[in-house]
Amino acid sequence: MEYIYKTKGTCSTQIKLNIENDVVTDVSFTGGCNGNLKAIPALVNGLTVDEIEQKLSGITCGIKQTSCGDQLAKACREAYEQQKLAAGN
């Protein structure tokens, strides 16, 4: 399932990802720091929602209370929950 998440509090404005069961692939960001937003998808491709949350939740960027990685963790959890609702679980 393709999922689009509008970020909050980061330079990036949107995250697009695919989720199948709880495995995340094809992550892409709109906006933000070019190098980080190439590295993050490469590092998380094929990980589960729980693995991404364990690695990225709570990471901040400078004085911001969040980061692109933290927003990705939120996006993955939200996508997973939406997928479960759509499947009737």
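Author: Helices (H or I, at least four residues) and strands (E, at least two) are DSSP runs, numbered from the N terminus. Axes are lines fitted to C-alpha atoms, for helices over the stretch in contact, and angles run from 0 to 180 degrees between N-to-C directions. The model is a predicted one, in which local features need pLDDT of at least 70 and side-chain atom pairs count only at pLDDT 80 or more, while totals for chains, interfaces and linings use all residues. Residues are numbered from 1 along each chain as its sequence is written, and side-chain values use heavy atoms, with hydrogens and water left out.

Helix α3 has 20 residues and reaches 28 Å from its first C-alpha to its last, close to the 28 Å expected at 1.5 Å a residue (the expected span is 1.5 Å times one less than the number of residues). Just after α3, Gly 88 takes a positive phi of about 80°.

Within α3, the residues Cys 68, Gly 69, Asp 70, Gln 71, Leu 72, Ala 73, Ala 75, Cys 76, Ala 79 and Gln 83 are buried, where buried means under 20% relative accessible area, exposed over 50% and partly exposed in between, with a 1.4 Å probe and protein chains only. These buried residues pack against β1 (2-6), β2 (14-20), β3 (23-30), α1 (34-44) and α2.

Consider α2 to begin with. From α2, the contact (heavy atoms within 4.5 Å) is made by Val 49, Asp 50, Ile 52, Glu 53 and Leu 56, and from α3 by Gly 69, Asp 70, Leu 72, Ala 73, Cys 76, Arg 77 and Tyr 80. Sorted by class, this contact of α2 with α3 has seven nonpolar, one polar and four charged residues; Ala, Val, Leu, Ile, Met, Phe, Trp, Tyr, Cys and Pro count as nonpolar, Asp, Glu, Lys and Arg as charged, and the others, Gly among them, as polar.

Turning to α1, the axes of α1 and α3 come within 11 Å and cross at roughly 45°, and the two helices are therefore oblique to each other. Here Leu 37, Ile 40 and Val 44 in α1 meet Cys 68, Gly 69 and Leu 72 in α3, a contact of α1 with α3 that has five nonpolar, one polar and no charged residues. Ile 40 counts as buried, at 16% relative accessibility, and, leaving aside its neighbours within four places in sequence, Ile 40 is in contact with Phe 29, Cys 68, Gly 69 and Leu 72.

Further along α3 lies Gln 83, which is buried with a relative accessible area of 14%. Apart from neighbours within four places in sequence, Gln 83 is in contact with Met 1, Ile 19, Glu 20, Asn 21 and Asp 22. Met 1, in the segment before β1, is partly exposed, with a relative accessible area of 34%. With neighbours within four places in sequence again left aside, the contacts of Met 1 include Ala 79, Gln 82 and Gln 83. The C-alpha atoms of Met 1 and Ala 79 are separated by 8.5 Å, although these residues are 78 residues apart along the chain.

Notes. Angles under 35 degrees count as roughly parallel, over 145 as roughly antiparallel, 65 to 115 as roughly perpendicular and the rest as oblique.
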